[in-house]
Amino acid sequence: MTRTIAFANQKGGVAKTTSTVSVAVALAEIGRKVLVVDMDPQGALSYSLGIDPDNLDITVNDVLVRRAPIADVVITREVDVVPANIDLAGTEAILLAKTGREYALQRALREIDGRYDYVLIDCPPSLGILTINSLTAAQEVVVPLQCEALSHRGVGQLVETMGDIRHFTNPDLRITGVIATMFDGRTKHAQEVLADVGHRYGIDVFEPPVRKTIKFAEAAQAGRSILSFAPTHPAADAYRVIARRIDQMEAPS
Ligand SMILES: Nc1ncnc2c1ncn2[C@@H]1O[C@H](COP(=O)(O)OP(=O)(O)O)[C@@H](O)[C@H]1O
Ligand SMILES: [Mg+2]
């Protein structure tokens with residue numbers, strides 16, 4: 001059975017894309033078949049796996065509006081990728097005018113059901129129709145959260161949106177956990193923020209936190225995951241540990 005996991009947080013710059021790529025490649029390292037889906041018109045996930053978003057004939061956009069089968073847009077890098085580019089910004093308006101607009105991604109993923117162990121979806125930094133499609137297609141949500149003051153402010157809103165999703169389109173959606181990102185171990189404050197989030201929302205925070213390092217930006221620039229770019233870096237290992245933990249968790253039925 002395929003586990004479909006959305007990486008969501010409506011705040012930008014919290015390492016959604018970085019965490020999607022890193023967990024995906026870490027799962028591939030332990031032999032899982034993994035597909036990542038770029039649902040952000042910025043195309044950062046595509047770019048950071050070495051795909052030029054501006055040079056694509058077909059993307060996730062064509063899949064969502066039923067112009068192309070999803071298998072036709074898959075590009076293989078360190079893992080298989082359904083890429084996106086700025087065309088996806090226009091999809092939002094097209095979907096809004098359609099019946100079943102929340103289900104466009106779910107429908108597309110059904111075409112390849114069983115082909116992958118994991119489908120990881122990189123959400124855009126909003127709670128709009130593209131994120132709603134992602135949360136409707138997924139069984140699970142992972143929330144990347146920056147370890148800094150007030151970074152948890154948006155979590156309540158995300159939890160509320162997930163409540164709506166459960167009510168309207170996807171009753172079994174569950175939160176798998178928080179990935180603590182950009183951790184600066186020198187500040188005690190970061191640890192307090194994390195403990196508070198876990199406690200307040202009843203969400204597990206994965207161990208270990210992913211520390212802050214320039215290697216992530218360098219890896220993305222090189223079109224590679226940190227796991228292949230800096231394989232022995234502690235931040236690469238952190239994602240390996242988190243991925244293994246996710247893999248050991250019981251898949252939702
Ligand atoms: N642990 C980290 N330490 C330092 N920089 C990071 C870390 N994780 C991600 N980044 C960088 O932060 C920026 C935002 O990350 P990104 O994954 O694009 O966030 P999002 O998808 O939530 O907008 C990128 O430049 C990325 O390389
Ligand atoms: Mg992103």
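I count a residue as buried when its relative accessible area is under 20%. The model I am reading is predicted.

**Entry: aromatic pair**

I searched the whole structure for aromatic pairs and found one. Its members are Phe 216 and Tyr 239, with ring centres 5.9 Å apart and planes at 80°. An angle over 60 degrees counts as edge-to-face, so I log this pair as edge-to-face.

Phe 216 belongs to helix α10 (residues 215-221) and Tyr 239 to helix α12 (residues 234-248), so the pair ties together parts 23 residues apart in sequence.

Next I checked burial. Tyr 239 has 1% relative accessibility and therefore counts as buried. Phe 216, at a relative accessible area of 17%, is buried as well.

**Entry: helix α5**

I went through α5 (residues 87-96) and noted Leu 88, Thr 91 and Leu 95 as buried. They cover an arc of only 30° around the axis, so I place them on the same side of α5. What do the buried residues of α5 pack against? I find β2 (34-38), α3 (60-64), α6 and α7.

**Entry: largest pocket**

I looked up the largest pocket and read a space of about 430 Å³. Its lining has 19 residues, and Thr 2, Thr 4, Asp 113, Ala 137 and Gln 139 lie nearest the centre. By class I have eight nonpolar, eight polar and three charged residues in this lining.

I also checked which helices contribute. α6 (104-110) and α7 (129-137) each supply at least two lining residues. The largest share, three residues, comes from α6.

How values were computed
Residues numbered from 1 in each chain as written. Chains lettered and ligands numbered in written order. Predicted model: local features only at pLDDT ≥ 70, side-chain atom pairs only at ≥ 80, totals over all residues. Heavy atoms only, no water. 1 Å grid on protein atoms, 1.4 Å probe; cavity = no way out; pocket = protein on both sides within 12 Å on 5 of 7 lines; lining within 4 Å. Points joined across faces, edges and corners; volume = space filled by probe spheres on them. Helix = DSSP H or I, 4+ residues; strand = E, 2+ residues; numbered from the N terminus. Nonpolar A, V, L, I, M, F, W, Y, C, P; charged D, E, K, R; others polar. Buried < 20%, exposed > 50% of the residue type's maximum accessible area, 1.4 Å probe, protein only. Arc of directions from axis to C-beta. Contact = heavy atoms within 4.5 Å. Phe/Tyr/Trp six-rings, centres within 6.5 Å; stacked < 30°, edge-to-face > 60°.
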